[in-house]
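Below are my comments on the model, in numbered points. Please read them with the coordinates open.

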Amino acid sequence: MTSYGSSPAASSGSRTNGLAIASLCCGVVGLVFLNIILGPVAIILGAVARRQAAVKNGAGMAKAGIVLGVVDIVLWLVMLAVAASGGFSWYVGG
């Protein structure tokens with residue numbers, strides 16, 4: 001019998017892998033800030049979490065973290081190429 005206010009699903013004991021959550025968070029934050037640092041971190045954490053997926057849940061989050069880490073690195077390369085070519089020039093006026 002469960003006590004008042006607690007759900008049976010919360011006490012089932014199946015927990016999501018913390019590395020998968022960290023990988024997903026690094027990938028999402030890396031889209032905006034420090035993408036060259038957080039991108040590889042998301043890939044590494046996601047790869048380790050995918051290896052642990054048989055023991056703990058979170059394989060989907062780990063895969064999403066890996067994909068977002070790759071997107072972070074590609075985004076950084078695009079921004080580097082734009083900056084190397086002289087950047088954007090906005091012409092306003094007449």
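1. The protein chain has 3 helices and 0 strands, and from the N terminus on its elements run α-α-α. Helices (H or I, at least four residues) and strands (E, at least two) are DSSP runs, numbered from the N terminus. This is a predicted model, in which local features need pLDDT of at least 70 and side-chain atom pairs count only at pLDDT 80 or more, while totals for chains, interfaces and linings use all residues. Residues are numbered from 1 along each chain as its sequence is written, and side-chain values use heavy atoms, with hydrogens and water left out.

2. Burial and surface of the chain. Of the 94 residues, 19% count as buried. Buried means under 20% relative accessible area, exposed over 50%, and partly exposed in between (1.4 Å probe, protein chains only). The accessible surface of the protein chain comes to about 6700 Å², and carbon and sulfur atoms hold 70% of that surface. Accessible areas come from the Shrake-Rupley method with a 1.4 Å probe; for residues, only the protein chains shown count as cover.

3. Contacts along the sequence. Among contacts in the protein chain with a separation of 6 or more, 68% are between residues 24 or more positions apart. A contact means heavy atoms within 4.5 Å.

4. Helix α1. This helix covers residues 18–30, and its end C-alpha atoms are 18 Å apart, in agreement with the 18 Å that its 13 residues should span at 1.5 Å a residue. The expected span of a helix is 1.5 Å times one less than its number of residues. Ala20, Ser23, Cys26, Gly27 and Gly30 are the buried residues in α1. Seen down the axis of α1, the buried residues fall within an arc of 130°, so they line one face of the helix. The arc is that of the directions from the helix axis to the C-beta atoms. The cover over the buried residues of α1 includes α2 and α3.

5. Helix α2. Asn35, Leu38, Gly39, Ala42, Gly46 and Ala49 are buried in α2. Down the axis of α2 these buried residues fall within an arc of 105°, so they line one face of the helix. Exposed residues Ile44 and Arg51 sit on the face of α2 turned away from its buried side. What covers the buried residues of α2 includes α1 and α3.

6. Ala49. Which residues does Ala49 touch, not counting those up to four places away in sequence? They are Asn17, Leu19, Ala20 and Ala62. Ala49 is in helix α2 and counts as buried, at 1% relative accessibility. Its C-alpha atom is separated by 7.0 Å from that of Ala59, 10 residues apart along the chain.

7. Helix α3. With 26 residues, α3 reaches 38 Å from its first C-alpha to its last, close to the 38 Å expected at 1.5 Å a residue. In α3 the buried residues are Ala62, Gly65, Leu68, Gly69 and Asp72, and their cover includes α1 and α2. Just after α3, Gly86 takes a positive phi of about 105°.

8. The loop between α1 and α2. Both Phe33 and Leu34 lie in this loop. Phe33 counts as exposed at 55% relative accessibility, and Leu34 is exposed with a relative accessible area of 57%. Phe33 and Asp72 are 39 residues apart in sequence, with 9.5 Å from C-alpha to C-alpha. Phi of Leu34 is near 50°, a positive value in a residue other than glycine. Most residues other than glycine have a negative phi. I would look at this residue in the displayed model.

9. The nonpolar surface patch. Val29, Leu31, Val32, Phe33, Leu34, Ile36, Ile37, Val41, Val67, Val71, Leu75 and Met79 form a nonpolar patch on the surface, with about 1000 Å² of accessible area together. The elements that give two or more residues to the patch are α2 (35–51) and α3 (59–84); α3 gives the most, with 4 residues. Like charges are joined within 9 Å, and nonpolar side chains (Val, Leu, Ile, Met, Phe, Trp, Tyr) within 5 Å. Val41, in helix α2, is partly exposed, with a relative accessible area of 33%.

Methods: Patches are made of residues with over 30% relative accessible area and no salt bridge: like charges are joined within 9 Å, nonpolar side chains (Val, Leu, Ile, Met, Phe, Trp, Tyr) within 5 Å. A salt bridge is a side-chain nitrogen of Lys or Arg within 4 Å of a carboxyl oxygen of Asp or Glu.
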